[in-house]
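Hello,

Here is the structure for your files. Please open it alongside this email; what was found in it comes after.

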Amino acid sequence: MITLYQFATSPFTEKVRRALAYKQLPYTVHEVERAAVPAGKYAAISATGKFPAIDHDGTVVWDSTDILDYLDKVFPERPVAPDQSRDAALAHAIEEWADESLYFYEMTIRLAWPHNLDGALEEFAASMSHVPRDQLRGMILEGVKALTTTQGIGRKPVEQIIADVERQFQALDRMLDGRDWLVGERLSRAELSVIAQVNALLYAQEARAALDRTRNVKAWMTRVDAMAPDAQRQ
Ligand SMILES: N[C@@H](CCC(=O)N[C@@H](CS)C(=O)NCC(=O)O)C(=O)O
């Protein structure tokens with residue numbers, strides 16, 4: 001039995017849900033109470049206090065990348081890792097691009113830009129129902145601004161961030177020129193990582209405009225959705 005501990009709003013959680021769907025593995029979802037994390041309620045599930053994490057018959061794994069490794073090891077059917085060694089390395093590099101670069105862009109433009117946060121706020125409110133909306137909005141804007149300022153993207157002028165996002169979408173588009181999948185001849189973990197961050201980015205009007213200027217990305221998203229749907233987005 002697999003239990004997925006998640007924040008519903010996290011792109012890393014979407015990545016894992018898609019992997020579980022692709023591998024046709026049943027699971028139950030435990031929505032993590034954000035307010036209870038600092039007090040250690042989930043310390044036995046995620047030592048970092050970050051989610052997603054899974055509990056598979058008592059084996060606990062946290063971090064979406066480690067979770068995908070684990071799932072392929074224990075359930076080798078329908079692997080999300082490519083077969084060829086070089087393709088597997090490339091999929092890993094693309095996964096890191098998604099998790100460590102696209103992620104900071106989606107956080108910045110979805111959650112630290114007020115006109116985009118308003119469209120995402122209701123989903124955050126679902127896991128923090130005890131916090132009044134206005135207070136929650138302020139907490140997210142302030143918290144994410146502090147985080148992305150420390151990381152660096154939050155210090156860039158808005159126009160530069162929009163240009164960066166355009167370049168990221170164009171890079172993804174060119175990776176898909178003349179091919180169905182990012183790596184190799186079938187869906188891989190590269191798809192699952194990237195589509196999750198793209199969907200988070202698309203809360204922002206600037207990212208939707210960038211997507212409209214691509215030639216291959218929408219069709220690729222439809223292909224990924226068909227093979228590895230996200231139950232939460234249906
Ligand atoms: N590298 C981790 C990142 C997970 C992550 O950053 N999750 C965020 C939600 S999007 C989180 O749990 N944040 C809570 C915190 O940092 O306290 C993964 O791939 O799972």
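Helix α2 (residues 64–74) lies across β3 and β4 and runs at about 140 degrees to β4. Helices here are DSSP runs of H or I with at least four residues, strands are runs of E with at least two, and both are numbered from the N terminus. Angles run from 0 to 180 degrees between N-to-C directions of lines fitted to C-alpha atoms, for helices over the stretch in contact, and contact puts the C-beta atoms of two residues, placed from the backbone, within 7 Å.

This is a predicted model: local features need pLDDT of at least 70, side-chain atom pairs count only at pLDDT 80 or more, and totals for chains, interfaces and linings use all residues. Residues are numbered from 1 along each chain as its sequence is written.

The open sheet has four strands in the order β2-β1-β3-β4, with mixed pairing; a pair needs at least two DSSP bridges. Its edge strands, β2 (28–31) and β4 (59–62), each pair on one side only. From one strand to the next the twist averages 20 degrees. Strands β1 (residues 2–6) and β3 (residues 53–56) are antiparallel to each other, over four bridges. There, leucine 4 stands opposite isoleucine 54 in β3.

The domain assignment (automatic or from a database) gives domain 1 (2–74) and domain 2 (85–227). Their centres, taken over C-alpha atoms, are 20 Å apart. The contact takes 15 residues from domain 1 and 18 residues from domain 2. On the domain 1 side, α1 (11–22) and α2 each supply at least two residues, and the largest share, seven residues, comes from α1.

Regards
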